[in-house]
Amino acid sequence: FDTFFAGEDRAYARFYALETIARVPYFSYLSVLHLYETLGRWRRAKYLKLHFAESWNELHHLLIMEELGGNDRFLDRFLAQHIAFGYYGVVILSYLINPIFAYNLNQDVEEHAFSTYDEYLRENEEMLKGQPAPQAAIDYYIEGDMYMFDEFQTTCEMRRPKIENLYDVFVAIRDDEAAHVETMKVLQTELDVASIHDGECEVDIF
């Protein structure tokens, strides 16, 4: 995967593929949770909200990468989408058999994403600070409704990213991936998760 997207001009394509795949586990979790609820086996509304909020976050990462041109090549789209399709089935099966394993698997994926963005930021800081922020990032982090953004922050942290240039955008995305990692860790040990908007955190949201 990394070899296919190697090269200085391939960073955005690599991130596009990464974000296409990174959304998949949350779709898989939601599919299984809806199945359980339909069968009357188990109902966990908070999990539905959490995993949708995570997928909503990854969607906006994807929109940012598309605006940057990461999906310009057909082969890049083909590879990312077909990996995502197969991964969807793998995660559904894993989540049905052992949810803790499925969360641990996604923790590894999100840790890889965090490291990838962190390395890119360190190697390209000057260049990124000279580039404007994509409109998709402004729409999500600055002008958008932050309810869903808050809902995947299970550490009770009130984050409001600063978006002034492309560097800030990648910092925000990297920090989002760190938040996903922390959520996956919590879900492997706890049945309940904290939500800022449910009054479970001592945070002033106004």
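I looked up Tyr29 and found it buried, with a relative accessible area of 0%. Buried means under 20% relative accessible area, with a 1.4 Å probe and protein chains only. Tyr103 is buried as well, at 2% relative accessibility.

I noted the source. This is a predicted model, where local features need pLDDT of at least 70, side-chain atom pairs count only at pLDDT 80 or more, and totals for chains, interfaces and linings use all residues. Residues are numbered from 1 along each chain as its sequence is written, and side-chain values use heavy atoms, with hydrogens and water left out.

Next I turned to the rings. I found 16 aromatic pairs in the structure. Rings of Phe, Tyr and Trp (its six-membered ring) pair if their centres lie within 6.5 Å; planes under 30 degrees apart are stacked, over 60 edge-to-face, the rest tilted.

Tyr29 and Tyr103 make an edge-to-face pair, 5.0 Å centre to centre with 70° between the planes. Tyr29 sits in helix 2 (residues 24-38) and Tyr103 in helix 5 (residues 99-123), 74 residues apart. Helices are DSSP runs (H or I, at least four residues), numbered from the N terminus.

I then checked Tyr117 and Phe170. Their pair is tilted, at 6.0 Å centre to centre and 45° between the planes. Tyr117 lies in helix 5 and Phe170 in helix 9 (residues 166-187), so the pair ties together parts 53 residues apart in sequence. Both Tyr117 and Phe170 are buried.

Last, I looked at a charge. Lys129 lies over the face of Tyr167, 4.9 Å from the ring centre. The cut-off is NZ of Lys or CZ of Arg within 6 Å of the ring centre and within 35 degrees of the ring normal.

Technical notes. Helices (H or I, at least four residues) and strands (E, at least two) are DSSP runs, numbered from the N terminus. Buried means under 20% relative accessible area, exposed over 50%, partly exposed in between (1.4 Å probe, protein chains only).
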